[in-house]
Amino acid sequence: MLKIPRPAAEDDRRRFSRFDNFRSLFFFLAAPSLMEALITSRGVPLRVASRKLSSVSANFSCLEFKSYHCRSGRVSIMNHPKLLRPVTTSVQPQELSALGNEGNIVPSKEIMDLWRDVEAVCFDVDSTVCVDEGIDELAEFCGAGKAVAEWTARAMGGSVPFEEALAARLSLFKPSLSKVEEYLQKRPPRLSPGIEELVKKLRANKIDVYLISGGFRQMINPVASILGIPRENIFANNILFGNSGEFVGFDENEPTSRSGGKAKAVQQIRKGRLYKTMAMIGDGATDLEARKPGGADLFICYAGVQLREAVAAQADWLIFKFEPLINSLD
C-alpha cells in the first residue's frame, strides 16, 4: 500500500499540538507547588503534614525543558526538582484574602515608632512562642487529640467563649498529675524559630517580657526557664489535682481562664508597673483583645505557625517570622 507523506506543515502542527498538551498537563500538575513556592517569600516553614504530589507529577522532576520561541519572546522552563516538591508555609493559597491589604504587613511609621518605644512586650505562648498548641499536644499524648484540637480552633477563632472551650477540652481527657509529668519529660518545649533571639534582644534593650497564655503553668514554666523569663512574669491557667494526683478541674480565678482574660492581665501589668507603652504578640482572638485602652497599645499578629484571617486582618502589624522585630530594634 502506497503511503502518501504528510506535508511538513502538518507534522509541525501535530508536534506543537502534542507539546501544548504536554505543557498544559505539566502546569496543571505543578501549578499548586509553584504557587506555594512563590508564597514562601512571606512565610516560614511549619511542622505540619503537607499533601504529597502524585507519582505522575513526581516523575516530571526528572524531565529537562529547554527554551522555546513564542510570540512575546522566549520561554525557558528549567528542570528544578525543588519546584515540584510540596512546600509548607504559614500562608496557604486559600488564605490569601487576609493578605489583600499590604497595610499591616509593611508597618507604618507610627506603628514602627510604637514598637521601638515599648517598655514591655507580652507574648502568647501556644503557636507563638512555641510551635505547638500545648493543650492539643497534651490531649494527643492522652489519646484525645482530634476532638480537643477542634475545640481549640473554635476558641482561637473567637467563635465560642474561651472559658467554655477550656472546660470542654479538659473534660475530654482529664489529665492526671502523673500524665502531665510524663508528657513534660518525654516532650520538651519546641520553640518557634527566632523567639530566643527576640527575647534576648528585648532584654538587652531593657524591655520587660511577659508570657500571657490560655495554656497551663505546668507546661509554660519550662518555656520561661529556657527564655530566662521570671515566674512572676507568667500569667496562665492552672490545672488542679486531687490528693492522689487525679484531675479535678482548673483554677477559675485566673484571669486567662475566660474570654477577655488576656486583656485584663495586660491591664493589670500596666497598672502595676506604670508602663507607658506595651505590645501584645500572638496569633489568636484572645491576643487581639489585649489591645484596648489601659492595655496593649500595639497588637502584632504572629502568623508563622497559624494564620487566622479574622485576627490578622485587624492586627497593627502582621509578621510571619520574628526577624523584622529583631532587626527594627537595632
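Which residues is Leu-198 in contact with, leaving aside its neighbours within four places in sequence? I will come to that in a moment, after a word on what we are looking at. This is a predicted model, in which local features need pLDDT of at least 70 and side-chain atom pairs count only at pLDDT 80 or more, while totals for chains, interfaces and linings use all residues. Residues are numbered from 1 along each chain as its sequence is written, and side-chain values use heavy atoms, with hydrogens and water left out.

Now to the opening question. Leaving aside neighbours within four places in sequence, Leu-198 is in contact with Trp-115, Phe-123, Phe-322, Leu-325, Ile-326 and Leu-329, where contact means heavy atoms within 4.5 Å. Leu-198 belongs to the largest nonpolar core, which has 36 residues, and together with Trp-115 and Phe-123 it touches the most other members. A nonpolar core here is a set of buried Ala, Val, Leu, Ile, Met, Phe, Trp, Tyr and Cys residues joined through side-chain atoms within 4.5 Å; buried means under 20% relative accessible area, exposed means over 50%, and partly exposed is in between, with a 1.4 Å probe and protein chains only. Apart from this core lies another one, of 25 residues, including Ile-269, Tyr-275, Met-278 and Ala-285.

Let me turn to the sheet. It is an open sheet of 6 strands in the order β5-β4-β3-β8-β9-β10, with parallel pairing. Strands (E, at least two residues) and helices (H or I, at least four residues) are DSSP runs numbered from the N terminus, and two strands pair if DSSP finds at least two bridges between them. At the edges stand β5 (234-237) and β10 (317-319), each with a single partner strand, so one side of each is left without a neighbour in the sheet. From one strand to the next, the twist averages 15°.

Please look next at β3, which is residues 120-123. Toward β4, the parallel pairing is made by 4 bridges, and Cys-122 stands opposite Tyr-210 in β4. Toward β8, the pairing is again parallel and runs over 4 bridges, with Ile-281 in β8 as the bridge partner of Phe-123. In a regular strand the side chains alternate between the two faces of the sheet.

Helix α9 (residues 217-227) lies across β4 (208-216) and β5, whereas helix α10 (residues 261-273) lies across β3, β4, β5 and β8. Helix α9 runs at about 150° to β4, and α10 also runs at about 150° to β4. Such angles run from 0 to 180 degrees between N-to-C directions, and the axes are lines fitted to C-alpha atoms, for helices over the stretch in contact.

How do two helices meet each other? The axes of α4 (residues 134-141) and α7 (residues 177-186) come within 10 Å and cross at roughly 105°. The two are therefore roughly perpendicular to each other, a term used for 65 to 115 degrees, with under 35 counted as roughly parallel, over 145 as roughly antiparallel and the rest as oblique. Gly-134, Glu-137, Leu-138 and Phe-141 in α4 meet Lys-179, Val-180, Glu-182, Tyr-183 and Lys-186 in α7.

Finally, some loops. Ser-127, in the loop between β3 and α4, counts as buried at 2% relative accessibility, and its contacts beyond four places in sequence include Asp-132, Asp-283, Tyr-302 and Arg-308. By contrast, Leu-274, in the loop between α10 and β8, is exposed, with a relative accessible area of 68%. Leu-274 touches Glu-119 and Ile-269, not counting residues up to four places away in sequence; Leu-274 and Glu-119 are 155 residues apart in sequence and 9.7 Å apart in space, C-alpha to C-alpha.Lys-174 lies in the loop between α6 (162-173) and α7, and has a positive phi of about 40° although it is not a glycine; at 53% relative accessibility, Lys-174 counts as exposed.
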